[in-house]
Amino acid sequence: MRKNLFLLLTLFGISLLLAAFAAPTNAAAAGDSPLAQMNYQYQMNDGSSGQGTYWLYPGLRFVDESGRTGYWLFPPTNVPRFFFRYDPGMACDALSAGVYMQPHVYQGARLCRDGSGVYGSWTGVVINNSTTHQFTN
C-alpha cells in the first residue's frame, strides 16, 4: 500500500513537472524524422493491457501507433529515466515513468490521470535509433 501511494505521489510530481513544458501544437514539424523508436507494452490494475510503439521526435514530442500524441523526457541524471505524458484526452491521459533496466530496456509505472484511478506497469525497448547511446547510458 505504501509503495503504491509513494508511486502515485511520485508520478503526480512528475506530472506537474511535465505540465510546465510549453508544447508545440504538432507532434512533429514537417520534415522532422524521429530520433528514436520505442516498442512498449503495459498491464493495468483494471485488467487492461496493450502494446505499441512510440516515435520520439525533436521538441520532446511523441506519436504512438494510433496517432496519439504527447511529451517525452529523458532527463540527464545518473539514473537513466524515460517519462511519457499523453496529451489531454488521449490514452486516459496516461503518464509513464521508467528507469533503465538493461541495454535499451526501460520499466516503470503507468498512471491514468483521467480520474479513473487506473494504474499499472510498462516496459519499453528502444530500437531503430541512430543515437541509441543517448538513451542507454
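Two strands are taken as paired if DSSP finds at least two bridges between them. By that criterion β6 and β7 are paired, since seven bridges join them. The two strands run antiparallel. The model is a predicted one.

The β6-β7 pair belongs to a closed barrel. Eight strands make up this barrel, in the order β1-β2-β3-β4-β5-β6-β7-β8. The pairing is antiparallel. From one strand to the next, the twist averages 30°. Strands of a sheet pair through backbone hydrogen bonds, in either a parallel or an antiparallel sense.

Individual strand pairs can be described in turn. Strand β1 spans residues 36-44, and strand β2 spans residues 49-57. Eight bridges hold this antiparallel pair. Within it, Tyr 42 stands opposite Gly 50 of β2.

Leu 60 lies in the loop between β2 and β3. Its phi is near 60°, a positive value in a residue other than glycine. Leu 60 is partly exposed, at a relative accessible area of 27%. Asp 93 is placed in the loop between β5 and β6. Asp 93 is not a glycine either, yet its phi is positive, at about 55°. With a relative accessibility of 16%, Asp 93 counts as buried because the cut-off for that class is under 20%. Pro 80 occupies the loop between β4 (69-73) and β5 (81-86). Pro 80 is buried, with 9% relative accessible area. The C-alpha atom of Pro 80 is 5.4 Å from that of Tyr 100. Along the chain, Pro 80 and Tyr 100 are 20 residues apart.

The structure contains one disulfide. It joins Cys 92 and Cys 112, whose sulfur atoms are 2.1 Å apart. The torsion about the S-S bond is about -70°, so the disulfide is left-handed. Cys 92 lies in the loop between β5 and β6 (95-102), whereas Cys 112 lies in the loop between β7 (105-111) and β8 (119-127). The bond therefore ties together parts that are 20 residues apart in sequence. The two cysteines fall into separate accessibility classes. Cys 92 is partly exposed, at 23% relative accessible area. Cys 112 is buried, at 8%.

Aromatic contacts form another set of features. A pair of aromatic rings is described by the distance of the centres and the angle of the planes. The count of aromatic pairs is 14. One of these pairs is Tyr 54 with Phe 62. Their ring centres are 4.8 Å apart, the angle between the planes is 65°, and the pair is edge-to-face. Both Tyr 54 and Phe 62 are buried. Phe 62 also pairs with Phe 84. Here the centres lie 5.6 Å apart and the planes meet at 85°, so this pair is edge-to-face. Phe 62 has a relative accessibility of 0% and counts as buried. Phe 84 is likewise buried, at 0%.

Ring pairs also connect residues into a cluster. Its members are Tyr 40, Tyr 42, Tyr 54, Phe 62, Trp 72, Phe 74, Phe 82, Phe 84, Tyr 86, Tyr 100, Tyr 106 and Trp 122. Tyr 42 of this cluster has the charged end of Arg 110 over its ring, 4.0 Å from the centre. Arg 61 lies over the face of Tyr 71, at 4.8 Å from the ring centre.

Note on methods: Residues are numbered from 1 along each chain as its sequence is written. This is a predicted model: local features need pLDDT of at least 70, side-chain atom pairs count only at pLDDT 80 or more; totals for chains, interfaces and linings use all residues. Side-chain values use heavy atoms; hydrogens and water are left out. Helices (H or I, at least four residues) and strands (E, at least two) are DSSP runs, numbered from the N terminus. Buried means under 20% relative accessible area, exposed over 50%, partly exposed in between (1.4 Å probe, protein chains only). Axes are lines fitted to C-alpha atoms, for helices over the stretch in contact, and angles run from 0 to 180 degrees between N-to-C directions. A disulfide is a pair of cysteine sulfur atoms within 2.5 Å. Rings of Phe, Tyr and Trp (its six-membered ring) pair if their centres lie within 6.5 Å; planes under 30 degrees apart count as stacked, over 60 as edge-to-face and the rest as tilted. A charge sits over a ring if NZ of Lys or CZ of Arg is within 6 Å of the ring centre and within 35 degrees of the ring normal.
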